[in-house]
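These are my notebook entries on one structure. I set down what I looked up, topic by topic.

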Amino acid sequence: MSARSSQQNKPHEVVERALELSRADGCVVIADEHSTANLRWAGNALTTNGVTRGRTLTVIATVDGREGTASGVVSRAAVTADELEPLVRAAEAAARGAGPAEDAQPLVTGVPESPDFTDAPTETSSAVFTDFAPALGESFARARAGGRELYGFANHELVSSYLGTSTGLRLRHDQPNGTLELNAKSPDRTRSAWAGRSTRDFKDVDPASLDAELATRLGWAERRVELPAGRYETLLPPTAVADLLIYQMWSAAARDAAEGRTVFSKPGGGTRVGEKLTELPLTLRSDPNEPGLESAPFVLTHSSGDDASVFDNGLPLSATDWVREGTLTHLSTTRHSAGLTGLPVAPIIGNLILDGGEDRSLEEMVAATERGLLLTCLWYIREVDPATLLLTGLTRDGVYLVENGQVVGEVNNFRFNESPVDLLSRATEAGRTEKTLPREWSDWFTRAAMPALRVPDFNMSSVSQGV
């Protein structure tokens, strides 16, 4: 391979070459360098492990026509030097064949170049598990001795994204993303408990503490109590709160609200921005610089939608309060939808944090419960009614009955019907905010920190046979 070919294989050189090839009026190129490392285990023994690497190249071409600006987006994996020009031409053809883009805006300018734009991509490897793997092995031994079986996986991904535009932007972001899911089962498989963690580097996860937590939950499940459907005082752990509020964030586009189509629409027109959503001093926020939950500090999007626009690529992001001290303060906007609604520009950011202002642990909240349910996690969450953001879903891997401050047994699973917006209005207590793994959305969104919430009348609409 020639020196020039080798250079063109570097991500920043691929971006530069694609921009050179472009004949469009505007062009955005994103090169995503992916690397992953994973471990899987079953029955207290490792089963597989592996490392993968790859590249995805996205070209966004914009063409100015008599009726407005159109955009064309094409993404492909493993693009070779010979395939680069056809990819650029395909994006241009898509733009010419499309109608005017409703979200069209001038491409972003004036953002300083990332100092590491020309550096090689950062990659993960099996070395990320250097300390974690031996600790996991010790947990296998403890689990065998305790008569339980551990199943699960650990996955670490690192994505180096290189963004270049015809307006001169040259930006780079490295995003580590680690997830750990651990499931413990009794030998007869009649009892099951789950725990999960989100991490950047696996240095802050302790398999021993997770195994101890699961052992406790399996012990609780030795007594079984059948309960009917109904409304129960319920303690939602951070993972369940995250799953519900992430869905709320995805449903908080300002334009949809202004057009009267969502729970954030104001009767008679407009949005509910400025309205009090809860009496608790809850602040729901995102911050690309949040310690331990860092995300891209600029818009990095491969397609346009209700809450994202390819024309906004490279737009700097800053800390945003979606709900401040209980009051709705922002809905997500692109530059286009901000202009339509009169609201400030507030793009979606890659993390979500709920601060409740309290420092009570989930264990302390259990101890203060006279009678109620303690959930482990939620799954199979689906939308029922966008006008109220009514969601349905199932409980999973352990619902426990609390009486007089003590967990007294496991109860059957339920289907629930609840709106996260309504839940916030009815919640009577928020505990300590902590990093958590949203179980339902862990394939799409993992950077979250949430408190446990106490809801006095959580709607368990029917009994479920799920596990």
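**Charges over rings.** I looked for a charge over a ring, which requires NZ of Lys or CZ of Arg within 6 Å of the ring centre and within 35 degrees of the ring normal. Arg382 lies over the face of Tyr380, at 4.1 Å from the ring centre. Arg396 takes up such a position over Trp379, with 4.3 Å to the ring centre.

**Basis of the entries.** I note that the model is predicted, that local features need pLDDT of at least 70, that side-chain atom pairs count only at pLDDT 80 or more, and that totals for chains, interfaces and linings use all residues. Residues are numbered from 1 along each chain as its sequence is written, and side-chain values use heavy atoms, with hydrogens and water left out.

**Aromatic pairs.** Rings of Phe, Tyr and Trp (its six-membered ring) pair if their centres lie within 6.5 Å; planes under 30 degrees apart count as stacked, over 60 as edge-to-face and the rest as tilted. I examined Phe416 and Phe458, a tilted pair with 5.7 Å centre to centre and 45° between the planes. This pair links distant parts of the chain: Phe416 belongs to strand E16 (residues 413-418) and Phe458 to strand E20 (residues 453-464), 42 residues apart. Helices (H or I, at least four residues) and strands (E, at least two) are DSSP runs, numbered from the N terminus.

Buried means under 20% relative accessible area, exposed over 50%, and partly exposed in between, with a 1.4 Å probe and protein chains only. From Phe414 I took a distance to His173: the C-alpha atoms are separated by 42 Å, and the residues are 241 apart along the chain.

I also recorded one aromatic cluster, formed by Trp41, Phe129, Phe132, Phe140 and Phe202.

**Nonpolar cores.** A nonpolar core is a set of buried Ala, Val, Leu, Ile, Met, Phe, Trp, Tyr and Cys residues joined through side-chain atoms within 4.5 Å. The largest has 53 residues, and Leu236, Phe264, Leu352 and Leu373 have the most contacts inside it. Helix H6 (residues 238-250) gives the most to this core, with eight residues. Apart from this core lies another, of 30 residues, including Leu136, Leu150, Phe202 and Val407.

I listed what Phe264 touches, leaving out residues up to four places away in sequence; among the partners are Gln248, Ala257, Arg272, Leu277, Leu328, Leu331 and Val421. Contact here means heavy atoms within 4.5 Å.

**Open sheet.** Which strands make up the open sheet, and in what order? There are six, in the order E11-E10-E9-E12-E19-E18, with mixed pairing. Two strands pair if DSSP finds at least two bridges between them. The edge strands, E11 (327-328) and E18 (434-436), each pair on one side only. Strand E10 (residues 320-324) runs antiparallel to E11, joined by two bridges. Val323 has Leu328 as its bridge partner in E11.

**Hairpins.** Strand E2 (residues 45-65) and strand E3 (residues 68-77) run antiparallel and are joined by 10 bridges. They form a hairpin with two residues between them. Thr56 stands opposite Ala77 in E3.

Eight bridges join E5 to E6, again antiparallel. The bridge partner of Gly178 in E6 is Thr199. Seven of the eight residues of E6 are buried.

**Positive phi.** Most residues other than glycine have a negative phi. I noted Arg189, in the loop between strand E5 (170-185) and strand E6 (192-199), with a positive phi near 65°. That hairpin has six residues between its strands. Leu389 has a positive phi near 55° and lies in the loop between strand E13 (371-385) and strand E14 (390-403). Leu389 counts as buried because its relative accessibility is 1%.

**Cysteines.** How many disulfides does a search of the whole structure find? I found zero, where a disulfide is a pair of cysteine sulfur atoms within 2.5 Å. Cys27 is buried at 1% relative accessibility, and Cys377 is buried at 0%.
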